[in-house]
Amino acid sequence: MRAAVLHETGQEKLEVLDDVEAVGFGPGKVRLRIRATGLCHSDVSAMNGVLPQPAPFIPGHEGAGEVLDVGDGVTGLSAGDRVLVCWLPACGACPSCRRGQTQLCLAGFLNAGTPNFKRPGGDVFGFAGTGTFTEEVVVGAGCAVPIPDDVPFEIAALIGCGVTTGLGAAINTARVEAGSSVAVIGCGGVGISTIQGARVQGAAQIVAVDPVASRREAALRFGATEAVAPDGLADAKQRITGGEGFDYVFEVVGKSATARTAYEHTRRGGTLCIVGAGAMDDHFQVNMFELFFDEKRILPSMYGGGDVLRSYERAIALWRAGRIDLESMITHRVRLEEVNDALDQMRTGESLRTCIQL
């Protein structure tokens, strides 16, 4: 079967091959035919080594498709079912799951260390234990979440990561209050979803911050009340909040420098929400006096900060009701053979979300 493979961490290009085989099918597993997959910035971060991932590997974790076969012991799924891929399934038994913090379950991360593909040259890993830049993949049954028939595969794929992450940051983690002021730093697919979540929550002012003009223009269409380049954020803070700072600032880049900027533009007693996934050696610093004196809440948001199955259902309900726009987030549609063009478009900021159709 065809798949896009990164041979070594640090390479910028993927090689589309037709000699890849999905392996590991058996009890508790399902075999999926991927129909659509989104290109998320986390895929690029894994390629360049910012996020840890064994290589060679197949990127992709934001996918949707059909069940081809189910292994022994799998219940609730049958061949032909339409599903989205959950890259962080909850085991239901660990301390995090028992506390209701299923987004912190580590069982899914353990899958990333087990190859789920092979080639004549040896084993191949799937990013985040999945790997959706491929025609077929074998995953644990918990990774395959049934979707209603009226949800297109490309919409379901977005809900599988970027939309859930961004909406959840605003709704679950920060719990944006109606009438509040919000700034979102980084307006790719996750940032746009965060803007939509803040709008759903009733924020009065939503300032989108991004260096790319096309993304700023897009942010206005998705609910931002104002969009500025990074050098315009201080002025927006002064005009909108009288210099006090925003009630909520979301960092959706994954870098300590932008996290520090976000902290400085959050009002005393306000909330800084860290949504971007960054490198292990990139340290965010605050001094102990400001941490105490300003009483700003610093809230990381992992995969939307809540039960992902409930978050999927909520995203579908909001989409059906016309409260969020998911179709327009897909700015580019490509075939698997064009994946490297899609990567370049993401790196330059030309795309919000690219859907790879398989």
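This is a predicted model: local features need pLDDT of at least 70, side-chain atom pairs count only at pLDDT 80 or more; totals for chains, interfaces and linings use all residues.

**Cysteines, a helix and a sheet**

Modeller: Take Cys40: it is in no disulfide, and its nearest cysteine sulfur belongs to Cys161, 4.3 Å away. Cys40 counts as buried, because its relative accessibility is 4%. Cys143 isn't in a disulfide either, with the sulfur of Cys86 as the nearest one at 6.2 Å. Cys143 is buried too, at a relative accessible area of 3%.

Now the helix, α8, which spans residues 233-241. Its buried residues are Leu233, Ala236, Lys237 and Thr241. Look down the axis of α8 and these buried residues fall within an arc of 105°, so they line one face of the helix. And what covers them? Among the elements over the buried residues of α8 are the strands β12 (181-185), β13 (205-209), β14 (226-228) and β15 (246-251), along with helix α9 (256-264). Just past the end of α8, Gly242 has a positive phi of about 65°.

While you have the model open, there's also a four-stranded open sheet, ordered β3-β8-β9-β5, with mixed pairing. Its edge strands, β3 (21-22) and β5 (57-58), each pair on one side only. For β5, two bridges link it to β9 (residues 122-126), and the two strands run parallel. Across from Ile58 you'll find Gly126 of β9.

Terms used:
Residues are numbered from 1 along each chain as its sequence is written. Side-chain values use heavy atoms; hydrogens and water are left out. Buried means under 20% relative accessible area, exposed over 50%, partly exposed in between (1.4 Å probe, protein chains only). The arc is that of the directions from the helix axis to the C-beta atoms. Contact means heavy atoms within 4.5 Å. A disulfide is a pair of cysteine sulfur atoms within 2.5 Å. Two strands pair if DSSP finds at least two bridges between them.
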